Amino acid sequence: MFGLDDPKKGLKIIIVGCGKVGRTLVDRLCAEGHEITVIDKKIDKITPLTNMYDIMGVEGNGASYSVQIEAGIEDSDLFIAVTDSDELNLLCCTIAKRVGNCAAIARVRTPDYSKEVSYLQEKLGLAMIINPEQEAAREIASILALPSTLEVNSFAHGQAEMVELEIKEGNVLDGLMMKDLTSKVSISVLIAAVKREGKVYIPSGDFVLSAGDIISVVGARRYARIFLKDIGIKTRQVKDCLIVGGGKASYYLAQTLISSGINVKIIEQDKARCEELSIALPKAIIINGDGSDEALLQEEGIQYTESFVPLTGIDEENILLTLYANQVSNAKVITKINRINFNSVLSQLNLGSVVYPKFITTEAIVAYVRAKSASKEKNIETLYHLHDSTAEAIEFNVVEKSDMTGTPLCKLKLKDNLRIAFINRNGAIIIPSGNDTIEVGDTVMVVTTHTGFTRLENALM
């Protein structure tokens, strides 16, 4: 072992696999004060992490009993397996559950296993099984259902949504003061955050919106389309989608889109994979060819398609295909990025909506870790990082009485740069006024530029 000098307060967490998801988890969980040990077969993957972060590293097979013992499994709180192998992740977690008294999370991406998630999770006693490709596909499908948006996130078990969109010049929101929003829209929604010139604001009533602002709007799910119509934005779901790349994410996305009545065409270079997709997705059109070939893209109608999603395994290729599609078509374009971290550069490019599978995985795990850190109760339901992680949207479960419950919101002293975006009471989404109260049994969404909240009470000054 090597690395850790000064133990930190927080959970003791073992992460198996130092790939892109493992590295992102180390970054996020170290920032939140947890004691991390990483395991990987390759020393050259461990060393950069132990040099950069105050963590321990163990070289070896994460499914090995002796390696887990060396990593400290016997007194660990959480074990996370995110190697490239689904089978290894499940085996690692199974052994960890037998050897230690810890919760275990496995990344599982294969479609065959994904159909059996509930069974595997129950029988193996896992806290969570997460599939980043499937979750990315769901996020992409949500955006294609509302193609004028940049991002769509669900809360309250799908009863509430946060949609992200850019205000265009001349839109009814351009120049509007926040407190006048109700005069322009017919339903109850809240603009929870505004990104302007790289800075994120939690807007007050006298905040004036402007063209170029990227806003995060929260409301009941059924209200998203009404809000967009009220401000003059088209809401029709796309009719067709051209996908480049035939990997797992493409399969999950095509499956979801076809079930929604959207025509799907996939371009994949590997002939054997094309044959597999033809069997698995009989309602999709599968094209065997090079998706980066301009002539082939033209032949398959890129200039006419309503949506275009490059899902190759190469970020640079996805970005180039996005830029090309924006040049030759009016398609809604969504870019999947796995590895590249140059957010300041990427934000200057016209990439449309951008989806990061590694962040989807990390956010689900960080939400679980925060809940486990704070209480034996599952007090955090959902967590999303907004605008390059400069703000957070956290949905809390209210499981017991506290200083936050039963008191009108206008009488609570809340931290600056924080908004209570909605209260979910028995499935009814309440956009709160000062007279509303939080009650036991509610879930409450908080949007803030503060980070690391583990309990709703953190919102108080």
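# Notebook: salt bridges, helices, cores and strands

I started with Glu-276, which forms a salt bridge with Arg-273, the closest N and O atoms being 3.0 Å apart. By salt bridge I mean a side-chain nitrogen of Lys or Arg within 4 Å of a carboxyl oxygen of Asp or Glu. The model is predicted, so I took local features only at pLDDT of at least 70 and side-chain atom pairs only at pLDDT 80 or more, while totals for chains, interfaces and linings use all residues. Residues are numbered from 1 along each chain as its sequence is written, and side-chain values use heavy atoms, with hydrogens and water left out.

**Entry 1, the pair in H10.** I checked where the two residues sit: Glu-276 and Arg-273 are 3 residues apart in helix H10 and therefore separated by about one helical turn. Helices (H or I, at least four residues) and strands (E, at least two) are DSSP runs, numbered from the N terminus. An α-helix has 3.6 residues a turn, so residues three or four places apart point the same way. I then looked up accessibility, where buried means under 20% relative accessible area, exposed over 50%, and partly exposed in between (1.4 Å probe, protein chains only). Glu-276 counts as partly exposed at 44%, and Arg-273 is also partly exposed, at 22%.

I noted 16 salt bridges in the structure. The side chains of Arg-109 and Glu-133 form one of them, at 3.5 Å from N to O. Arg-109 is in the loop between strand S5 (103-107) and helix H5 (111-114), and Glu-133 is in helix H7 (residues 132-145), so I logged the pair as a link between distant parts of the chain, 24 residues apart. Both Arg-109 and Glu-133 are buried. I also found these two in a salt-bridge network together with Asp-84 and Arg-107.

Next I took Glu-392, whose salt bridge with Arg-370 has its closest N and O atoms 2.7 Å apart. Glu-392 lies in strand S19 (residues 391-397) and Arg-370 in helix H14 (residues 357-374), so the pair ties together parts 22 residues apart in sequence. Glu-392 is buried at 1% relative accessibility, and Arg-370 is buried at 1%.

I used the term nonpolar core for a set of buried Ala, Val, Leu, Ile, Met, Phe, Trp, Tyr and Cys residues joined through side-chain atoms within 4.5 Å. Which members of the largest core touch the most other members? Of its 52 residues, they are Leu-165, Leu-173, Leu-209, Ile-215, Phe-227 and Leu-253. Helix H9 (residues 248-259) gives the largest share of this core, 7 residues. Apart from it I found another core, of 25 residues, with Ile-13, Ile-15, Tyr-53 and Val-366 among them.

For Phe-227 I listed contacts (heavy atoms within 4.5 Å). Leaving out residues up to four places away in sequence, Phe-227 touches Leu-165, Leu-173, Leu-181, Val-185, Ile-187, Val-189 and Val-217.

The 12 residues of H9 should span 16 Å, and the end C-alpha atoms are 17 Å apart, which agrees. Buried in H9 are Ala-249, Ser-250, Tyr-251, Tyr-252, Leu-253, Ala-254, Leu-257 and Ile-258. Just after H9, Gly-261 has a positive phi of about 85°.

I counted two strands as paired if DSSP finds at least two bridges between them. Strands S12 (residues 240-244) and S13 (residues 263-268) run parallel and are joined by 5 bridges, with Val-244 opposite Ile-267 in S13. The chain goes from S12 through H9 to S13 in a right-handed β-α-β crossover. Right-handed here means that, with the strands pointing away from the viewer, the path from the first strand over the helix to the second runs clockwise.

S13 also pairs with strand S14 (residues 285-288), in the parallel sense and over 4 bridges. Ile-267 has Ile-287 in S14 as its bridge partner. From S13 the chain crosses through helix H10 (residues 271-280) to S14, and I logged this β-α-β crossover as right-handed.

I found Gln-159 in the loop between strand S7 (151-155) and strand S8 (160-166). Gln-159 is partly exposed, with a relative accessible area of 39%. Not counting residues up to four places away in sequence, Gln-159 touches Ala-220, Arg-221, Gly-427 and Ile-429.

Methods
Expected span 1.5 Å × (residues − 1).
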